[in-house]
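Please examine the sequence and the three-dimensional structure shown below. The paragraphs that follow begin with the chain as a whole and then turn to individual residues.

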Amino acid sequence: MGEPTRVAVVGPFSGPRASWGRLLTDAMTSRLDSGISWEPHDDRGDAGTAAKVGDAIVADGGFTAVVGHFNSMGAARVVDRYRAAGLPLLLPLATAPGLLTEPGALRWCAHDTGQVEALVQAARRLGHRAPHIADDGSTYGRRLADRFRDLLPCSGPGGPLDAVIVCGTHAGAAATARRLRAEGFGGRFLFTDDCAVHDFPDLLGAGAGEAHVVRLRGGARRHVEAAFDCLVDALTANPGSRGDELLTALRKHAGIGFDARGDAVDAGAPSAWEVVPLTKMSSHTPPPARGRVPGADVIVVGDGVVGCAIAAELAASGRSVALASLGPDAPAATAQSGGLVRAYEPQPVLRSLAIRSHQLLWGADPELAASCGFRRTGSLVLLGPDDLPEAERGLTQLRAAGIVADLLPAEEVSSRWPDLAVEDIVAALWEPDGGYASPQATAAAFRTRALRSGATSLPYGPVHALLPHRRGAGVVMDGATLTAGCVVVAAGTGSAALLGDRLRFRPGTSAPRTRHIRYAFFDRGDRELPAVNDLTTGVWGRPQVDGEAAGGHLTGRPVEEWDVSPTGGDALAEEQIAYIREGAAHRWPWLAHAPVMGGRFGTDLYHPDGPFIGLLPGEPRTVVAACWSGSGFKTAPGAAAEAAAAVNHLLEARR
């Protein structure tokens, strides 16, 4: 049968921080049947010991990966050694900022920058404008206290002593708080994340009062379990993978999104943390049972940008959500979307969703927009005479929603962007805050937000059918039928196969059809250009500021290729590139001779009536979000809010 795969698990299994090591012990114990040999290494939460442990693991030469270290200072001393040895490092709980500088490790948790901001915001919500800062004297506690003092320069002596933020290890913080009580402090304690362990209330004793503690959103155990699950899934799917190949597989199976260094996409965000009353930190909470298919309020089928946005919206509202994915290599429109972002759409229904999306994300949440790779290049919609009346109505709506926009005459467009040929248009609707974002990064950001809020990621695999069930809906996957109060289908081109004749807008209307989309990247030189959607010819384009094809211009032209298989890819034939070039050079004349830098193609699900968002008649109980044909990306936040409202209405009606 061969030797088992060996994985080193490093953490404080003894000593003053052993409470944290129990999370690792529970995770190993519940996965003894995984085919992996989990080998614990005790570093006692000490940086020097961690360095020695890391050296021993590398010298052994037989390990496939490392889970841990818990201690950030210890992790900092060994991360380069593991990288050099080709050992992927999975960090569930090491929260020091700047820990990862090169690929080689993946960190599930956010870092302390967000912790500090989250705890300060919570203190202010509780009425404490300038809480005092105390530490337990440890190196860890002093460093964390300095971060709070940087953010709260006015805290310290002077002013009412009504709240103290205590920084340090859970044992040290408890001792510090007991001392402050003995010295007469009667206000509120707020504790940092090392205190978010179940035995902390017992250490603190009777003097806790109305104390609060900051913790990783969902709790530390969820992050540990997620890292172990990811490693099991990656090695089950690719048993022989090692080194960089395993690291790539881990990214695919992680659920959450990571940046190029390996930090979670929300690593610096306060929203990745939560501040809870200490009474929630029960010392008797049992570890969760192994298995990630709990009974859910709703199962969301599809983890493209729309499905992930819906899952995030529902999970944030307190619903129990399970997210079903066809797998990282399944065809998906999100992978091939051009990612254009604007609030104006000529169709009123789409325009309403785009405006709502601007209010929810693109124009309102800089933190999330940045994690989505949003680039503010400005957006132009080019208008012919027949397009002008609707554009004027749309302009009024945009301005009423607080969106900066204007109608520019063709002459002004030509003057401001001389590399754009606009002699045959009458005007353009200009949004300076438009641009583009990365569809893949946006889906990852929403997926991460959903999982942080408690959503469950189901094992990859096809969804074969939807069935009526007394709970509301049954979802048939390989080897199991999962049940929930209802199901949301946001599976793009796969929605039609799951829903059949139910996916018709009205009796007697035509069924949705698949249609190819295609675009190429051309070298734009040093030209400064906005994102453009040309209503007169159908072509569209935008600059590519950075990343893949940096310095290029994404350029698309509609193709009349209908009822096609839902495929996608990253290569175009020469005649396909020539077709795009020929049609787009009318608008961007320099494209006629610009070098090509690559291209993509994908498939949309199209219906002439536009997107379908809402409750379907019949059984099982189903909410659908499909049939955008090219506009789903920019409108995903608004669509998610609308679909979530339909789910909540449906679930409340069943009560």
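Of the 655 residues of the protein chain, 55% count as buried, where buried means under 20% relative accessible area, exposed over 50%, and partly exposed in between, with a 1.4 Å probe and protein chains only. This is a predicted model, in which local features need pLDDT of at least 70 and side-chain atom pairs count only at pLDDT 80 or more, while totals for chains, interfaces and linings use all residues. Residues are numbered from 1 along each chain as its sequence is written, and side-chain values use heavy atoms, with hydrogens and water left out.

How far can the prediction be trusted along the chain? The term pLDDT denotes the predictor's confidence in each residue, from 0 to 100. The mean pLDDT of the protein chain is 90, and 95% of its residues reach 70 or more. Over residues 283–293, however, pLDDT stays under 50. For this stretch the model has 19 contacts beyond four places in sequence, a contact being heavy atoms within 4.5 Å.

The overall form can be described next. The C-alpha trace of the protein chain spans about 80 × 65 × 55 Å along its principal axes. A compact globule of 655 residues would have a radius of gyration near 26 Å, and the 27 Å of the protein chain therefore agrees with that expectation. Here the radius of gyration is taken over C-alpha atoms, and the globule rule is 2.2 Å times the number of residues to the power 0.38. The secondary structure comes to 19 helices and 28 strands; helices (H or I, at least four residues) and strands (E, at least two) are DSSP runs, numbered from the N terminus. Among the contacts with a separation of 6 or more, 73% are between residues 24 or more positions apart.

The accessible surface of the protein chain comes to about 26100 Å², and 52% of it belongs to carbon and sulfur atoms. Such areas come from the Shrake-Rupley method with a 1.4 Å probe, and for residues only the protein chains shown count as cover. The chain has 63 positive and 72 negative side chains, and the centres of the two sets lie 6 Å apart. Lys and Arg count as positive and Asp and Glu as negative, whereas His and the chain ends are not counted. The place of a charge is taken as NZ of Lys, CZ of Arg, CG of Asp or CD of Glu.

Attention may now turn to the backbone. Most residues other than glycine have a negative phi, and most peptide bonds are trans. Another cis peptide bond joins Glu619 and Pro620, with omega about 0°, and Pro620 is placed in the loop between β27 (612–615) and β28 (622–626).

Positive phi values also occur. Ala549, which is not a glycine, has a positive phi of about 60°. Ala549 is situated in the loop between β24 (540–544) and β25 (552–556) and is buried, with a relative accessible area of 15%. For Cys627, phi is near 75°, a positive value in a residue other than glycine. Cys627 belongs to the loop between β28 and α19 (636–654), and with a relative accessible area of 3% Cys627 is buried.

Which residues does Tyr344 touch, leaving aside its neighbours within four places in sequence? They are Arg351, Val381, Glu390, Ala391, Gly394, Leu398, Leu429 and Glu431. Tyr344 lies in the loop between β13 (340–341) and α12 (348–362) and counts as buried because its relative accessible area is 1%.

Two further loop residues may be compared. Trp590 lies in the loop between α18 (574–584) and β26 (596–606) and counts as buried at 11% relative accessibility. Not counting residues up to four places away in sequence, Trp590 touches Asp419, Asp523, Arg524, Arg527, Leu529 and His553. Pro103, in the loop between β4 (89–91) and β5 (105–107), counts as partly exposed because its relative accessibility is 49%. Pro103 touches Arg83, Ala260 and Arg261, again not counting residues up to four places away in sequence.
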